[in-house]
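This report describes the fold of one protein chain. Please look over its sequence and structure before reading on.

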Amino acid sequence: MDRAACMREWIDAFVFPQANAWEERQQLPPAILDDFACRGWFGAALPPRWGGLGCDSETLARFCAEMARGSVSLLSIFTVHNMVCQALLRWGAADQQAVWLRQLASGAVRAAFALTEPEFGSEATGIRCRVARNGDELIVNGAKKWISGSCHAQLFLVMARAKEEGLMALLVPADTAGLRITPMPDLLGFRAAGIARLDFADCRLPAAALIGAPGAGFTFVAAHALDHGRFTVACGCLGVIEACLRASVAYANQRTQFGQPLRRHQLIQALVADMATDLEAARALVERAAKQRDSQAAESITATTIAKYFCSRAALRAATDALQIHGGNGCSPEYPVMRYYRDAKICEIIEGSSQMQQLMIASHAFMRERPQRRRRHG
């Protein structure tokens with residue numbers, strides 16, 4: 001059995017049947033995360049030399065789709081953990097990699113990516129979390145908000161601004177003195193993802209906490225992590241679309257309205273047809289992005305952005321239509337479609353909102369199609 005099939009079997013047995021209850025309790029059981037770690041899945045995208053599984057992007061895409069089909073909250077924890085892994089793998093110094101990567105691959109240490117702040121989202125210039133040098137120490141003050149996986153994390157990758165040097169990417173252990181982690185309950189979606197606010201009050205870090213060069217925190221480190229995050233979210237949205245389609249077909253087959261099965265109503269058929277079409281289109285875009293990422297093609301970032309943009313919007317359409325097909329039952333935790341609807345909306349926002357993706361896609365299109373300057377004659 002291949003790795004993605006193992007994930008599917010595990011999701012069907014241990015996650016899908018309990019996911020609605022976890023969202024109601026707003027907590028993933030520690031035993032589930034421990035089992036996930038024991039199977040090596042936290043290190044799915046890390047190379048074997050660091051104890052990872054070395055999955056290629058196509059396998060990782062199937063992993064993420066299966067996770068989201070079972071629990072988008074689980075996918076969220078996996079996503080932010082691997083964003084930190086990828087940042088360390090690409091930009092970490094050899095000693096930083098030696099300290100952290102094997103622990104991250106095994107799940108002994110779980111990580112979260114801390115970028116968003118109470119008064120800033122996608123704009124890097126708005127970061128107010130500050131870092132100052134004091135001899136060999138780095139002192140961090142400020143706050144982060146909406147940070148997935150925080151309640152389970154032992155390590156954070158934090159973006160902070162130095163007065164003279166610009167944005168820095170810092171590794172901050174969760175037990176750092178002065179760091180307060182405050183859970184954020186009762187959110188719209190991702191309710192079991194351990195989302196929290198982080199407050200830094202004179203948090204003292206060694207100089208070795210800095211990843212990459214000073215001033216390169218967003219342009220290189222965060223941008224690399226976000227690109228990976230967009231890919232896993234796109235793949236997760238593919239799983240949500242598939243789950244919505246399956247739930248809708250099953251419900252329409254067993255539900256009767258006006259004396260005939262719901263599936264015989266043409267308006268229901270139209271909603272299912274749109275879902276099935278979006279599923280195929282989303283799968284094609286994810287597969288294209290995966291192949292370009294594995295070949296390190298120049299277009300891979302744009303392909304990933306397009307996949308995230310389309311898949312997140314398609315997931316929300318699918319969840320909206322699935323809820324409509326279920327009618328009043330769709331508004332009940334007895335069925336999974338209410339959870340898909342809430343989570344799909346969040347997927348349009350995280351790792352860059354749909355509007356940010358539009359700007360990036362349009363910028364690439366204009367750059368690629370810009371007219372050649374006429375040569376001057378004379």
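## The chain as a whole

The model shown here is predicted. Its chain contains 11 helices and 10 strands. The radius of gyration is 22 Å, close to the 21 Å that the globule rule gives for 378 residues, so the chain is as compact as a globular protein of that length. Taken along the principal axes, the C-alpha atoms fill a box of roughly 80 × 75 × 40 Å.

Of the 378 residues, 53% count as buried.

Strand S2 covers residues 130–134 and strand S3 covers residues 137–147. The two run antiparallel and are joined by five bridges. One of the bridge pairs is formed by Asn-134 and Glu-137, the latter in S3. S2 and S3 make a hairpin with two residues between them. In its turn, Gly-135 has a positive phi of about 65°.

S2 is also joined to strand S4, which spans residues 155–162. Here the strands run parallel, with two bridges between them. Val-131 stands opposite Ala-162 of S4.

Leu-170 has Leu-210 in S8 as its bridge partner. How is S5 placed relative to the rest of the structure? Six of the eight residues of S5 (residues 166–173) are buried, so this strand is largely enclosed by the rest of the structure.

## A serine between S3 and S4

Ser-148 lies in the loop between S3 and S4. Is Ser-148 buried or exposed? The cut-off for buried is under 20% relative accessible area. Ser-148 has 10% relative accessibility, so it counts as buried.

The side chain of Ser-148 makes a polar contact with the side chain of Ser-76, at 3.0 Å. Leaving aside residues up to four places away in sequence, Ser-148 touches Ser-76, Val-80, Ala-112, Phe-190, Ala-193, Gly-194 and Ile-195.

Helix H7 runs over residues 217–254, which is 38 residues. From its first C-alpha to its last it reaches 53 Å, close to the 56 Å expected at 1.5 Å a residue. H7 bends by about 35° at Ala-223. The helix is mostly covered, with 28 of its 38 residues buried.

Helix H9 (residues 300–326) has 27 residues, which should span 39 Å at 1.5 Å a residue. Its end C-alpha atoms are 38 Å apart, which agrees. H9 is mostly covered too, as 20 of its 27 residues are buried. Just after H9 comes Gly-327, which takes a positive phi of about 60°.

## A cysteine in H7

Cys-237 belongs to helix H7. Its relative accessible area is 1%, so Cys-237 is buried. Not counting residues up to four places away in sequence, Cys-237 touches Cys-311, Ser-312, Ala-315 and Cys-347.

Cys-237 can also be compared in position with Val-286. The two are 49 residues apart in sequence, and their C-alpha atoms are 9.9 Å apart in space.

## Two aspartates with positive phi

Asp-186 has a positive phi of about 60° although it is not a glycine. This residue lies in the loop between strand S6 (179–183) and strand S7 (196–206). Asp-186 is exposed, with a relative accessible area of 57%.

Asp-202 is another residue other than glycine with a positive phi, near 50°. Where is Asp-202 placed? Asp-202 is in strand S7. With a relative accessible area of 47%, Asp-202 is partly exposed.

Methods: Residues numbered from 1 in each chain as written. Predicted model: local features only at pLDDT ≥ 70, side-chain atom pairs only at ≥ 80, totals over all residues. Heavy atoms only, no water. Helix = DSSP H or I, 4+ residues; strand = E, 2+ residues; numbered from the N terminus. Expected span 1.5 Å × (residues − 1). Bend = angle between axes of the 7 residues up to and from the residue. Buried < 20%, exposed > 50% of the residue type's maximum accessible area, 1.4 Å probe, protein only. Pairing = 2+ DSSP bridges. Polar contact = N/O pair within 3.5 Å; in protein donor to acceptor, adjacent residues only side chain to side chain. Contact = heavy atoms within 4.5 Å. Rg over C-alpha atoms; globule rule 2.2 N^0.38 Å.
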